Each structure stands twice: as C-alpha cells, then as structure tokens.
Amino acid sequence: MLEKSGVAAAGQEDSAAAGKVQPSAPRLLVIDDDTLHRMIICRAAAEAGYLPAGAATYDEAVRLLQSTAFDCVALDLSLGDHAGVEMLRHFWVIGCKVPIIIMSDGDDATCSESEKVAEALRLNIWESISKPVDISVLGDTLERLKAARDCAPDQQSAQVSPA
C-alpha cells in the first residue's frame, strides 16, 4: 500500500515506498476521484520512475498545483462535482504546458468533446486512455512520455509551477 505524504494535501500518494524513484524523477499529478483507481495509477507511475501525487477533487488538484511543480498530469474526466473539462479550463488559466494524459470511462463523444476543448485551449494532450486503465498501456504511455522529456533540451520550462 502507498504511504501518505505528510507534506501534501489529503490524497497525495508518496512514491518513495516504491523504491524505484529518483529525486530528479518527473512529477506526475494524478487527478481521479476513485481512490482505488488513483492509487493504482500512482503505483504504476512510481514503478515507471515518476513521483506521483494524487488529487481526488478539483479543489484538491488546484491546491496541489499552487504548491508543487508538476511535469505531467493524468486527468480523469469524471470528477464528481466538477467535470474534467473544468480542470482543463483551469490548466489554461494557469498557463499549463505540460503533457496531459486524459483518462475516461465515458463515451467517445465525451472524450472527443474534451479533446476539442483542450485543443482550443492549446493544451498539451499527450494521449487519451480508456478506463478502467490497462496498466501495461499506462506504463507504455508513461515510458514514452519520460523518454520524450529526457530528450527535451529544456525540461524545466514545461513544468506547471506554483502560482
């Protein structure tokens, strides 16, 4: 089981328990209101060499974005009281340029609409993954994302930094 971090908001998973994460590892914000699903994604991210942080709600994600710089985001489009599209709009407001992995168990029309919103907002949608997430697909996606990040000349300029 993932340990809770004493520094972050409730729901943030600490990947140090995974033992594979380096201090310079990319930070991944996982926004998913399903606790088990969020923990599984955080565990897979830690195993892929990321420092994951989990947020269960829109408000929790906003708080984490204000206090922590992230290199990428995994976003569930169904966030209970707030739709994932609202989170996409928030990314636009704060000038987010990091890759975003969209996760959805919704229909194709919902995913397509969200991708169109993200494109209109000029967000960096890396990939869309259906839920429940296939861990091997997620692992491949995270590996490709990390490889692209490692090849980028200025990795730090693309981070979502605290306001």
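A crossing is left-handed if the near helix is turned anticlockwise from the far one by less than a right angle, and right-handed if clockwise. Helices are DSSP runs (H or I, at least four residues), numbered from the N terminus.

## Basis of the model

This is a predicted model, in which local features need pLDDT of at least 70, side-chain atom pairs count only at pLDDT 80 or more, and totals for chains, interfaces and linings use all residues. Residues are numbered from 1 along each chain as its sequence is written, and side-chain values use heavy atoms, with hydrogens and water left out.

## Helices H2 and H3

Helix H2 (residues 58-67) packs with helix H3 (residues 84-93) at an angle of about 20°, their axes being 11 Å apart; axes are lines fitted to C-alpha atoms, for helices over the stretch in contact, and angles run from 0 to 180 degrees between N-to-C directions. H2 is therefore roughly parallel to H3, a term for angles under 35 degrees, and the crossing of H2 past H3 is right-handed.

Tyr-58, Ala-61, Val-62 and Leu-65 of H2 make the contact (heavy atoms within 4.5 Å) with Glu-86, Met-87, His-90 and Phe-91 of H3.

## Helices H1 and H5

H1 passes H5 in a right-handed crossing, where Ile-40, Ile-41, Ala-44 and Ala-45 in H1 meet Ile-135, Leu-138 and Leu-142 in H5.

Conventions:
Helix = DSSP H or I, 4+ residues; strand = E, 2+ residues; numbered from the N terminus. Parallel < 35°, antiparallel > 145°, perpendicular 65-115°, else oblique.
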